[in-house]
Amino acid sequence: MDHLLSIVLFTPLLGLLVLLFLPSSNKNLIRWWANLASFAGLLVSIPLITGFDRTKDFQFVETAAWIPSIGASYHLGIDGIGLVLVILTTLLGFLSILSSWTAIEDRLKEYYAFFLLQQVGMLGVFMALDFLLFFVFWETVLVPMYFIIAIWGGQRRAYAAIKFMIYTLIGSVLMLLGILALYFYHQSQFQVLSFDIADLMKTNLPAGVGWWVFWAFFLGFAVKVPMFPFHTWLPDAHTEAPTAGSVILASVLLKMGTYGFLRFSLPLLPDTSRNPQVVNIMAVLSIIGIIYGALACLMQKDWKKLVAYSSVSHLGYCTLGIFSLNPAGIAGSVIQQINHGISTGMLFLIVGIVYERRHTREIAEYGGLFKVMPVFSMVFLIAALSSMGMPPLNGFIGEFTILQGAYQMSFNWALWSAVGIALGAAYLLWLFQRTMLGEASEKNGKLLDLSPREIAVFAPLILAAFWIGLHPKPMFQVLERPVAQIVERVRPGYFAEHKLASPLTTPAASLR
Amino acid sequence: MAAASVASALLAVTRKNPVHSMLWVLTLFLHVAGIFLLLGAEFLAAVQVIVYAGAILIFYIFVVMLLDLPDEEARPRFGKHWPLAAAVGLCFAALAWLVRAGTGVAPAATRLAAEGPPRGGLSAIGMALFGPFALPFEMASLLLLAAIVGAVVLARRRAAGP
Amino acid sequence: MPASLWPSWAEMLRFLPEIILTVAGTLIMMLEPVLGSRSRRGLGQFALAGLSAALAAAVVADGSPGPAFSNMLVVDGFATFFRVLVLAVGILTVCSSYPYLNREGASSGEYWALLLFSITGQCVMASANELIMVFIGIEISSISSYVLAGYLRDDKRANEAALKYFLLGSFATAFLLYGIALVYGAAKSTNLAVVRAAVEKGEAPLLLVGIAAALMFVGFAFKVSGAPFQMWAPDVYQGAPAPVSAFLSAGPKAAAFAVFLRVFMTAFQGVSDRWAPVVWISALLSMSIGNFAALRQSNLKRMLAYSSIAHAGYVLVAMAARSQSGSAAVMFYLAAYALMNMGAFAVVAHVAGKGERYVEIQDLAGLAQRQPLTAAALAVFLLSLIGVPLTGGFFGKFYIFKAALESRLIWLAVLGLLNSAVAAYYYLRILVVMYMEEPGEVTNGLGPLPLGLKAALAMPVVGLLVLGIFPSGLLDYAVKSAKFW
């Protein structure tokens, strides 16, 4: 099919439009419809997996005129990185909507409408091959998330929502300046107006300009990731958002930032990206993020905040992997992004489930849940192990590959990130011990275990966690080519230099 | 004519009785009109007499007479800022002198005079108003209409309402 | 001796929108005493019909571009753009004024007549090709606006607003007129093309042209509420009736920008590197003063007034670019801005209640729960004012800052973008109140949305979304018609 990506992109929008005309009094109808629409969104994305050809670069490409006078077009397409993130988005989009069935009681219609709109924005970010189109989707995502936090959030939701919005807005307006600078340099060199990434890649930026553009992009992406020291919006936003909002925020939204580095910063500004100074700054910020996030987790009394800070730590690995600038680091980073989506998504869902039952997130309020809610505790254990990187679960694969990549760059990087892994195990196990083990207090004694619907939410995530942990090969294969593209772009001749077979030159047959 | 107008202007600002001041301003206007006439600007002279001397000054006199005169008379004739006003006036006079001397700040009056027959003639203005400037002329009437309607709206007592 | 005193039909056609508006306005006043009180209510509809007819005429007139009335007017793409814009603003104003006046019990023919006259003035401004026409257009527009601002005579604030507006406005006009006189002295003509030629050939004394440009800049800056001549705006917008505030912030402002742009890009094109720094400073000041003052407001109308100063600043950024794409960005932005601001003020007019008692931001508490559609519309307007994608405001800002970068105004662009991020805060605060707080007595007692206001909300929402998703059409038109050289 020629318009597969458009179909995937606009299925949630179609669902949204129909949703707007449903009577808001009929809550069950709205719930059913929203779940159906997001499930349809997941279903239509499956042909992307089956039809994906890993020997090609961008696939399912679509182009249509959008604003021809300034050279912006509706240009969609995905490579391996885009594919895995799109699938992550459709899957988690569905699961987060499914998980909200009982959690959200009022203003359902608006709630689901915002989720579906957000879904469109996120998918658009991962599909767009036109920088302006990307930016439009990128900013579009902000609005529904703002409302989701602001309307259905916790006590300090107004503060958290505005902080989230202002932080990301400041980052992205500066990124926009960077985009425009690149655009004008491209225009002056080629006399063609274009926002197309493939065109912009040809631009030859003067070193000084490249430097500024890199930092402009950096601000946009780093706020989103979030990298230290731009992370302060994240604990607030995560803590105040409703469960499903946190899930989407952690699992998908943050990935937009790392994806931005991979798709734009590195390929468009290869000279600046391999500048040792820049690499060192990025690595140091990433490592600070890893260690600081982990230490902050150890201090938290609030369950949800703990998970939020663990995101800062985990995303630190992702950025570290990216700026290792070698195949292992980048591939590991992408896999770690998926892993984080799965494991942190689960952790937030877990917090959401106990919160729905007890209406508190104080860790000290819980304890002994293992006896009361055995299935739930098992799920939590799996999520925690996956998050801390225990084999045979998915986290191990990602973190190990990143460490491998980081080690190739510097022993110190690997050392410090290993410290982060140890700390990660510490805070997660300690959390598990404090909440699940011991004797159940009176208040916790009668909590219900997972309902079938809740199990249905967790099941695909657990499956995915085991699948990536035990059989990661398909993932690596899908990622091999786009990762090699990025590496070749940033460090031309990398594969020849290291006597490696480049996936770009070897014939397709040998890959299989 | 010029000397007489300066003299009447001085008299106008120094008289104690406002009505006297007004009458001196009237003579000032008439003298200025005379100057215009001498320069060949008949239309301007007529406007000067009709609008300034005829309408505006009468309006002023009405206002002055409606006010409480004795009280007004008792006050000192000049506010404390009169030196400033005098300075501004002198500056303006200096500027005018510069223009006359043709020092390049603006087209010299002499040059203007040399450029041909005076253009302020009645027929010239008439041709301009109904020729190229017909549209601004008409639009100005709309402007006046709007102003009148506005004045009526603001001055009228509140309507009974629908 | 002019060739013919009687204008040709083509010339009449080019002037048709203004003719229709004038006739409609005069007819309204003549009909009012004749009609019974019942059919008098139909005068609003009559005004609407007049505006629509003028809109159609403006579009038709675009088919035969060219000068009219001895070069007094010129119909080109630029003129058509702004004519259509101010006429659309007029239509929206009528829609939101109609229920408002009924509520206040102040409906009368003069209101509609003055509104039509004011728009006539703005149409003249849009197509003026002569400084004299510029002046007369501004005066027609302003005089009517002063009265509209003070239309509710029993309202103290409205009176204060009208008086302030009148005094400061006249002051500004005086500056403008002085500037025009100096231009005439320097170039011996008030025709823009002739002045331009004189300036570029160096025939006009540079000092005199410079002083004239500075004086006219003061006059125009007043009219567009650009800093440092913005002081009147908050009081006037706060005091005037809400639909009038909406009108003032969109119509006269857009028309003033139209002449501002036309005069400075044609007549003073030759000295543009001299006035550019002034516009640069004014842009920065307007953005910063507007945004930082708006942060502290609790009154909705006052906040929107400060925000409109800030938005004038963004437009000035595009003017400082002094390029075709800059001028196109001005046009696009003003169109988007007119829609979003008109919409926002229409919601204010609705919520304010009789006598405009409820104009605090806090009064919007819980609007989303009582009237979700009204709240959603306001949300769209506010998001557009922030400049979030999928709304016209985004592409407006995008084109402005693109033009600024193109002309290497890097610092202005950086400061402007940071400003727009700061601005997000006060718009978001409204969203917070509207969506997060429990309905208060104001929103609980809110009546249903009258038909006129429904239209005044629906049209801008649709317009903004269209501009936000498919900006191409309008932008291409703007670029095509922003040719001054």
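**Cores, contacts and a helix**

Analyst: In the largest nonpolar core, which has 413 residues, C:F332 and C:Y333 touch the most other members. A nonpolar core here is a set of buried Ala, Val, Leu, Ile, Met, Phe, Trp, Tyr and Cys residues joined through C-beta atoms within 7 Å. Buried means that 20 or more other C-beta atoms lie within 10 Å of the residue's own, exposed means 12 or fewer, and partly exposed is in between, with C-beta atoms placed from the backbone. This is a predicted model: local features need pLDDT of at least 70 and side-chain atom pairs count only at pLDDT 80 or more, while totals for chains, interfaces and linings use all residues. Residues are numbered from 1 along each chain as its sequence is written, and chains are lettered from A and ligands numbered from 1 in the order in which they are written.

User: Switching to chains: which pair shares the most contacts?

Analyst: Chains B and C, out of 2 pairs in contact. Chain C puts in 35 residues and chain B 22 residues. On the chain C side, α7(C) has the largest share, 9 residues.

User: What about chains A and B, how far apart are their nearest C-alpha atoms?

Analyst: 38 Å, and the two chains do not touch.

User: What is chain B made of, in helices and strands?

Analyst: 8 helices and 0 strands. Of its 162 residues, 12% are buried. Among chain B contacts with a separation of 6 or more, 53% are between residues 24 or more positions apart.

User: Last one, chain A. Why does the length of α2(A) make sense?

Analyst: Helix α2 of chain A (residues 27–50) has 24 residues, so at 1.5 Å a residue it should span 34 Å, and its end C-alpha atoms are 36 Å apart, which agrees. The expected span is 1.5 Å times one less than the number of residues.

User: Which of its residues are buried?

Analyst: In α2(A), they are A:A34, A:A37, A:S38, A:G41, A:S45 and A:L48. Their cover includes α1 (4–20), β1 (59–67), α3 (80–99) and α4 (108–127) of chain A.

Conventions:
Contact = placed C-beta atoms within 7 Å. Helix = DSSP H or I, 4+ residues; strand = E, 2+ residues; numbered from the N terminus.
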